[in-house]
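Visitor: I am new to this structure. Could you show it to me and take a few questions?

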Amino acid sequence: MRRAVPGPTPRELLPRLRELQQDPLEFLLELARRYGPFVRIPVPGLHVFSIAQPDAVKHVLQDNARNYSKRTLQFTNLALVTGQGLLTSDGEFWLRQRRMAQPAFHRQRIAGFGGAMTGAALRMLERWKAKQDGVLDLDHEMMEMTLEVVGLTLFSSDFSAAAKRMVEATLTALDYVIHKAQNPFGPPAWVPTMRNRRFRQALDVLDRAVYRLIEERRARGQPHDDLLSMLLEARDDDGQPMTLRQLRDELITVIIAGHETVASALTWTWHLLAQHPQAEAKLHAELAQVLGGRTPTMDDLPRLPYTRAVFEEALRLYPPAWLITRRATGPDTVGGYPIPRGSLLVLSPYITHRQAEAWPEPETFRPERFLEDARPPRYAYIPFGGGPRLCIGNTFALVEGQLILATVAQHYRLRPAGPKPVEAAPLVTIRPKGGAASTGFERR
């Protein structure tokens, strides 16, 4: 016999709709605390379920993934920026595009990216030396650096001159996506409101950068061993290359997803280390013992387990991609509960990563949990999703995060510049409210 899904009544939900809109992280977390890891959210005319139980998450993302599509409001709004790139496309089209891009993210290829990653970090540190007041906008610093890494490694291009402009355009575009999600009945993008004009201008900055990349590479006629050349040379089953629009969508997707997510994770890593001096001291001790002040390389990573654990624990507490939505294309049963056709499933790594059954003291920053033999179930930890739609850049992100953390932490300690607590803003990724714009730093 199928069980009824627990959850609030419509009358109980109504007073909390504003909270759902303004602070969905706390709203979903409170639902899980009160009703458990499988909750029905009574939205008129829709079947909506919040799922945080690892086995149920595994069923949706892996075991019966074909029954769940990305045709949801989340990805429809994101497609306003990325088009039909890997992040938003679905079905056979997605599978074809994924197969063409996958070789660029092979482990052996990523092994050659280490120098570019640490080089970008060292150039950022040189810029810090010139600052007089000891205060920086950490969120933007991380974004500019990771954008430079994406340009060098995947496109063989130097984005440093345009980094500030591209970061601002990325943030403006992604903030627009959130605005559309929170105001679904607002004017469409083609209406010339001030917000829409800012969005179109931001999109134009990104489009110009991408089309320039494509034009310059085609004009040279000499292929590079990078993602851009792979996509330019790729052919479908009929021997046809990608259209210019398809190329644009994939490049925009990689640029945005490839730098904004890692930047968010690094920003939260610094924030957590500043709050936990004992963990910071352990990190510094490992770096001193293994590296002795030199720049890390890929070969060093196996000897830096605590460095990796720090980054993984930051990803657990503040997973950049905090929201995963799926639409049921057919009826299903998940965790013993009926899922009607057309249901909207809300899977939040932020909530799953706080399930006490898998994570003792889930709110506590404790990197040591990733060094222990008894690791939690695979789908209790999903910072990069899972199943066939596992993020194509997951290994890239883990390597980049560790190398940059090891490079920067040897030179600087980062501290909040003011007493105001840092709050999480659940935008397209989890970012600090206000961008953590006042962060103090001091040389070690």
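Guide: A polar contact is a pair of N or O atoms within 3.5 Å. The model shown here is predicted.

Visitor: Which residue's backbone oxygen does the side chain of His284 reach at 3.5 Å?
Guide: His284 lies in helix H14, residues 277-290. Its side chain reaches a backbone oxygen at 3.5 Å, and a polar contact requires N or O atoms within 3.5 Å. The oxygen belongs to Ala409.

Visitor: Is His284 buried or exposed?
Guide: The relative accessible area of His284 is 6%. Buried means under 20%. His284 therefore counts as buried.

Visitor: Which strand pairs with E2 in the antiparallel sense?
Guide: The two strands are joined over four bridges, and Ile41 stands opposite Val48 in E2. In their hairpin, six residues lie between the strands, and Gly45 takes a positive phi near 80°. The antiparallel partner of E2 is strand E1, residues 38-41.

Visitor: Which strand runs parallel to E2?
Guide: Four bridges join E2 to this strand. The parallel strand is E8, residues 344-347.

Visitor: Which residues of E2 point the other way from Val48 and Ser50?
Guide: In a regular strand the side chains alternate between the two faces of the sheet. In E2, residues 48-51, Val48 and Ser50 point one way, and all four residues are buried. Those pointing the other way are Phe49 and Ile51.

Methods
Residues numbered from 1 in each chain as written. Predicted model: local features only at pLDDT ≥ 70, side-chain atom pairs only at ≥ 80, totals over all residues. Heavy atoms only, no water. Buried < 20%, exposed > 50% of the residue type's maximum accessible area, 1.4 Å probe, protein only. Polar contact = N/O pair within 3.5 Å; in protein donor to acceptor, adjacent residues only side chain to side chain. Pairing = 2+ DSSP bridges.
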